[in-house]
Amino acid sequence: MRKPLVAALFALVITGAGVAPAVAAPAPAAASTSTSVSAVKADTKAAAPTLQAVSLAGTVALSNCSGSVIRFPNSADSDPALVLSNGHCLETGFPEPGEVIVDQASSRTFGLLNSAGTRVATLRASKVAYSTMTDTDVTIYQLTSTYTTIKNSYGISALTVQDTHPAVGTAITVASGYWKRLYNCSIDGFAYRLKEGDWTWKDSIRYTSACNTIGGTSGSPVIDQATGKVVAVNNTGNEDGETCTVNNPCEVDASGNVTIHPGINYAEETYQIPACFTTGNKLSLSASGCTLPKP
């Protein structure tokens with residue numbers, strides 16, 4: 001989660017697409033340094049005639065991470081829009097283990113991209129609706145704009161968050177607004193627990209090797225290629241083959257057995273989030289079915 005951007009750039013120059021984990025780039029970096037749109041070669045498991053092309057439309061570039069404008073199945077066009085990114089991309093620093101942040105003032109800005117990866121607008125947050133690195137790694141910002149305003153002004157629709165658990169073998173695209181880059185692969189499996197440093201995440205998605213995400217892709221939406229819906233948020237990977245250290249997450253099964261997958265990257269599922277937002281896109285951690293960690 002802390003790999004310097006300069007190392008990510010070096011990896012790109014040397015290999016074209018490094019195997020560094022999907023970590024946040026340092027805050028001084030700007031999205032204008034991103035490469036042009038390119039789709040990384042898809043894993044062969046992802047090929048299927050029913051798949052649709054995924055673009056960068058609706059993704060956003062943060063100062064040091066990626067993200068996307070999202071909505072839930074019950075969101076209304078008149079609701080304030082939301083942006084999804086990682087907990088470790090929060091502008092005030094990493095939330096501590098066990099820490100949950102709600103309704104925190106924020107004026108953070110996001111560069112909104114179209115399908116070609118062109119920045120068409122700057123969106124602004126009104127607050128951090130929710131952020132944590134406990135059980136999951138997520139930050140959700142509420143914007144000053146509604147979905148209708150964004151659609152009418154820029155022709156961009158929000159990405160819908162799927163409210164059901166994804167399946168092994170699903171063809172996915174990790175869409176990075178920071179790098180203006182698409183990574184195509186499939187879901188290889190799920191980690192019962194994913195431990196990295198002091199943080200532990202539950203039921204994390206493990207990618208097949210083609211999604212070799214790098215620094216700056218943190219917070220990217222993970223999109224089901226068959227439905228176009230968001231099923232997870234990209235967050236980390238095992239960089240050096242170490243065990244359970246920062247930038248080297250390990251998998252822990254229900255019996256406590258520890259394994260590592262060097263060079264493999266991960267995402268945190270998002271299907272549990274829609275149940276925690278009610279009418280008007282208002283956060284309600286006491287809502288029926290909401291299982292997100294509470295303050």
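Is Arg206 buried or exposed? I looked up the accessibility, and Arg206 counts as buried at 11%. The cut-offs I used are under 20% relative accessible area for buried, over 50% for exposed and partly exposed in between, with a 1.4 Å probe and protein chains only.

**Ground rules.** I note that this is a predicted model, in which local features need pLDDT of at least 70, side-chain atom pairs count only at pLDDT 80 or more, and totals for chains, interfaces and linings use all residues. Residues are numbered from 1 along each chain as its sequence is written, and side-chain values use heavy atoms, with hydrogens and water left out.

**Salt bridges.** I searched the whole structure and found six salt bridges. The criterion is a side-chain nitrogen of Lys or Arg within 4 Å of a carboxyl oxygen of Asp or Glu.

I began with the partner of Arg206: Glu251 forms a salt bridge with Arg206, and the closest N and O atoms are 2.7 Å apart. This pair links distant parts of the chain, with Glu251 in strand β15 (residues 250–252) and Arg206 in strand β12, 45 residues apart. Strands here are DSSP runs of E, at least two residues long, and helices are runs of H or I of at least four, numbered from the N terminus. Glu251 is buried too, at a relative accessible area of 8%. Salt bridges with shared partners join Asp188, Arg206 and Glu251 into one network.

I then looked at Lys127 and Asp103, whose side chains meet in a salt bridge at 2.9 Å, N to O. Lys127 lies in strand β7 (residues 119–132) and Asp103 in strand β5 (residues 100–105), so the pair links distant parts of the chain, 24 residues apart. Lys127 counts as partly exposed at 24%, and Asp103 counts as partly exposed at 49%.

For Arg71 and Asp77, the closest N and O atoms of the salt bridge are 3.0 Å apart. Arg71 is buried at 16%, whereas Asp77 is partly exposed at 46%.

**Asp224.** I checked a charged residue without a bridge. Asp224 sits in strand β13 (residues 221–224). Asp224 is buried yet has no salt bridge, and the nearest side chain of opposite charge, Lys229, is 8.9 Å away. For charge, Lys and Arg count as positive and Asp and Glu as negative, while His and the chain ends are not counted. Beyond neighbours within four places in sequence, Asp224 is in contact (heavy atoms within 4.5 Å) with Gln162, Thr170, Ala171, Ile172, Lys229 and Val231.

**Largest pocket.** I read off a space of about 200 Å³ for the largest pocket. A pocket is an open set of points on a 1 Å grid over the protein atoms alone, where a 1.4 Å probe fits, with protein on both sides within 12 Å along at least five of seven lines; lining residues have an atom within 4 Å of a point. The lining includes Asp135, Lys202, Glu268, Gln272 and Pro293. Strands β12 (199–207) and β17 (265–269) each supply at least two lining residues. By class, the lining has three nonpolar, three polar and five charged residues.

**Gln272.** I followed one lining residue further. Gln272 is in the loop between β17 and β18 (277–278) and counts as buried at 16%. Outside four places in sequence, Gln272 is in contact with Thr291 and Leu292. Thr291 and Leu292 also line the largest pocket. From Gln272 to Val231 I noted 9.9 Å, C-alpha to C-alpha, at 41 residues apart in sequence.

Note on methods
Points joined across faces, edges and corners; volume = space filled by probe spheres on them. Nonpolar A, V, L, I, M, F, W, Y, C, P; charged D, E, K, R; others polar.
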